Amino acid sequence: MKPLITDDHRIQLLDNGAAAARGEKRDPLPVVKLYTPDTHATWLLTELDPADGDTAFGLCDLGMGAPELAHVRLSVLEGILGPRNLAVTRDLHFTPKRRLSEYARLARADGSIND
């Protein structure tokens with residue numbers, strides 16, 4: 001099984017997380033998009049807590065019409081299996097097109113992440 005994030009993603013996520021921990025006001029581009037291939041759950045992650053290296057932050061859409069900015073543990077995502085026993089996976093073709101706040105605004109209006 002491929003790791004959910006690459007080493008480059010981890011470095012960028014930790015950098016964004018360190019900036020947030022210092023209180024810097026940023027609106028970063030999402031670093032990585034994760035999703036479940038057999039449900040409608042999607043995560044656009046922008047940062048990783050440098051204190052534990054596991055707690056990520058970003059736009060979380062569990063496919064129930066209420067996407068929100070929230071924290072999620074990568075270790076929890078790694079253990080999720082959908083109804084067809086498919087694991088959470090990384091979108092290998094994802095290239096962010098907008099800042100996290102814009103993704104969040106659009107997702108709330110649409111009821112889901114549509115990018």
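Which residues are linked with Asp15 in a network of salt bridges? Arg22, Glu24 and Arg26 join Asp15 in that network. The views below start there.

This is a predicted model, in which local features need pLDDT of at least 70, side-chain atom pairs count only at pLDDT 80 or more, and totals for chains, interfaces and linings use all residues. Residues are numbered from 1 along each chain as its sequence is written, and side-chain values use heavy atoms, with hydrogens and water left out.

**View 1. Aspartate 15 and arginine 26 form a salt bridge.** A salt bridge here is a side-chain nitrogen of Lys or Arg within 4 Å of a carboxyl oxygen of Asp or Glu, and the count by this rule comes to seven. In this pair the closest N and O atoms are 4.0 Å apart. Aspartate 15 belongs to helix H1 (residues 7-21), while arginine 26 is in the loop between H1 and strand S1 (32-35), 11 residues apart. Helices (H or I, at least four residues) and strands (E, at least two) are DSSP runs, numbered from the N terminus. Aspartate 15 is partly exposed at 42% relative accessibility, and arginine 26 is partly exposed at 44%. For these labels, buried means under 20% relative accessible area, exposed over 50%, and partly exposed in between (1.4 Å probe, protein chains only).

**View 2. Aspartate 91 meets lysine 33 in a salt bridge.** Here the N to O distance is 3.7 Å. Aspartate 91 lies in the loop between strand S5 (89-90) and helix H3 (100-110) and lysine 33 in strand S1, so the bridge ties together parts that are 58 residues apart in sequence. Lysine 33 is buried, at 13% relative accessibility.

**View 3. Helix H3 holds the pair of arginine 105 and glutamate 102.** Their salt bridge brings the closest N and O atoms to 2.7 Å. The two are three residues apart in the helix, so about one helical turn separates them. Both residues are partly exposed: arginine 105 has a relative accessible area of 47%, and glutamate 102 has 29%.

**View 4. The charged end of arginine 98 sits over the ring of tyrosine 103.** The distance to the ring centre is 5.1 Å. The rule asks for NZ of Lys or CZ of Arg within 6 Å of the ring centre and within 35 degrees of the ring normal.

**View 5. Threonine 36 is buried.** Look for threonine 36 in the loop between S1 and strand S2 (42-48). Its relative accessible area is 4%. Leaving aside neighbours within four places in sequence, threonine 36 is in contact (heavy atoms within 4.5 Å) with Ala41, Trp43 and Val88.
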